Amino acid sequence: MNEKNIKNAFAEKYGDDNVSVYTSPGRINLIGEHTDYNGGFVFPGAIDKGIMAAIKLTGAGKVRAYAIDLNEQAEFGLQEEDIPAQSWAKYIFGICREMIKRGVKVGGFDTAFAGNVPLGAGMSSSAALESTYAFALNELFDGKVDKFELAKAGQATEHNYCGVKCGIMDQFASLFGKEGNLMRLDCRSLEYQYFPFNPKGYRLVLLDTLVKHELASSAYNKRRQSCEAVVAVMQEKYPQVKFLRDATLEMLHEVQNEVSAEDYKRAEYVIEEIARVLAVCEALEKGDYETVGQKMYETHHGMSKLYEVSCEELDFLNDLAKTCHVTGSRVMGGGFGGCTINLVKDECYDAFIRTAKEKYHTQYGKEPKVYEVVISNGARRL
Ligand code: GLA
């Protein structure tokens with residue numbers, strides 16, 4: 001995927017290469033999973049893989065879109081009832097609608113896009129797609145929407161057109177990413193801070209299980225409902241609790257008999273996870289990577305046993321990381337498949353990757369994909 005290929009593909013399809021090209025990345029998240037929609041902290045960074053799109057305004061009332069990687073086309077109008085059938089086109093349509101709702105005078109355009117964020121691997125290919133178009137349409141149609149509102153337009157696209165009640169982390173990371181920096185976002189106040197991330201002597205690597213969970217979006221929405229159910233019960237006693245972010249483990253304990261055992265476990269994980277993000281930031285500032293790694297393992301345990309968004313293959317890779325003396329390892333993103341993120345000492349790296357490939361292959365008949373993490377810039381025009 002590069003600017004030239006995208007322009008060529010556009011020209012072949014629409015007979016023109018006088019286009020604007022935009023790109024926006026996927027993301028990793030060091031720690032703070034399923035905390036965003038609970039008003040907690042997340043700690044993501046943008047990566048060097050993303051979506052790239054060529055766009056040309058046409059002055060017509062419709063959009064023609066070409067998904068280069070799938071060799072599929074869609075055509076749709078800009079009214080609510082014009083929602084296209086293809087799931088990839090719903091993201092672009094959703095962004096058009098959400099930008100219109102935010103006062104941008106979106107008109108017709110032709111577009112072709114491609115990407116290199118692995119799909120369904122927990123690196124937010126959909127947020128990369130949304131952010132690319134939100135950023136581009138705002139610029140091309142002279143919108144006055146700020147970057148946080150662009151992120152919210154992406155999130156609203158997921159909610160209103162794609163059926164996933166996601167938080168703000170992925171779109172935030174895709175739009176605000178900065179080379180060499182992780183970002184700690186407080187999802188309640190939307191305050192954020194850049195943290196230069198250059199752990200000397202360590203590497204950050206993703207291992208993709210290649211498991212794509214079919215029911216991920218409905219299970220995701222169910223987790224969110226559990227959190228909201230616990231908040232609703234707590235509010236009777238503690239009206240100040242608007243999100244699980246505002247709750248403590250003691251408060252949770254007090255309502256134990258009024259919530260289901262399942263919802264209790266979910267909330268326990270979230271409250272602990274929010275605290276872990278702060279602990280990791282503190283450790284990072286001291287260069288204490290052992291603590292960072294230990295917290296990552298704790299997150300994996302919580303996501304597997306309490307939040308129950310892991311799967312056999314992810315647990316397998318996590319166990320393997322321990323035996324290979326990997327400093328920290330955990331399932332990354334929404335879960336139910338996708339990648340583990342691993343903080344590995346340089347001297348353990350080769351043996352870890354070799355062992356993971358061998359053992360995973362013996363167990364599941366395929367090798368996990370390996371992605372080196374390169375922390376990169378957010379949405380931009382090329
Ligand atoms: C998905 C969602 C995010 C976030 C993560 C889990 O990536 O899109 O909003 O909730 O899962 O941390």
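Visitor: Which residue in E8 is the bridge partner of asparagine 181?
Guide: The model is predicted, so local features need pLDDT of at least 70 and side-chain atom pairs count only at pLDDT 80 or more, while totals for chains, interfaces and linings use all residues. Residues are numbered from 1 along each chain as its sequence is written, and side-chain values use heavy atoms, without hydrogens or water. Strands are DSSP runs (E, at least two residues; helices are H or I, at least four), numbered from the N terminus, and two strands pair if DSSP finds at least two bridges between them. In E8, asparagine 181 is bridged to proline 196.

Visitor: How many bridges join strand E7 to E8?
Guide: Strand E7 covers residues 181–186 and runs antiparallel to E8. The bridges that join the two strands number five.

Visitor: Which residue in E6 stands opposite alanine 67?
Guide: Strand E4 (residues 62–67) pairs with strand E5 (residues 72–77) in the antiparallel sense over six bridges, and alanine 67 has glutamate 72 as its bridge partner in E5. E4 also pairs with strand E6 (residues 109–115), in the parallel sense over five bridges. There, alanine 67 stands opposite phenylalanine 113.

Visitor: What is the phi of asparagine 71?
Guide: E4 and E5 form a hairpin with four residues between them. Asparagine 71 is in the turn, and its phi is positive, about 50°.

Visitor: How many residues of domain 2 are in contact with domain 1?
Guide: An automatic or database assignment sets the domain bounds, giving domain 1 (3–198) and domain 2 (202–373). Their C-alpha centres lie 25 Å apart. Contact means heavy atoms within 4.5 Å; on the domain 1 side 37 residues take part, and on the domain 2 side 45.

Visitor: How much of the accessible area of the ligand does the protein cover?
Guide: Oxygen atoms of the ligand lie 3.1 Å from an N or O atom in the side chain of arginine 27, 2.9 Å from a polar backbone atom of glycine 167 and 2.7 Å from a polar side-chain atom of aspartate 170. On its own the ligand has 300 Å² of accessible area, a value from the Shrake-Rupley method with a 1.4 Å probe.

Conventions
A polar contact is a pair of N or O atoms within 3.5 Å; within protein, one must be able to donate a hydrogen and the other to accept it, and residues adjacent in sequence count only if both atoms are side-chain atoms.
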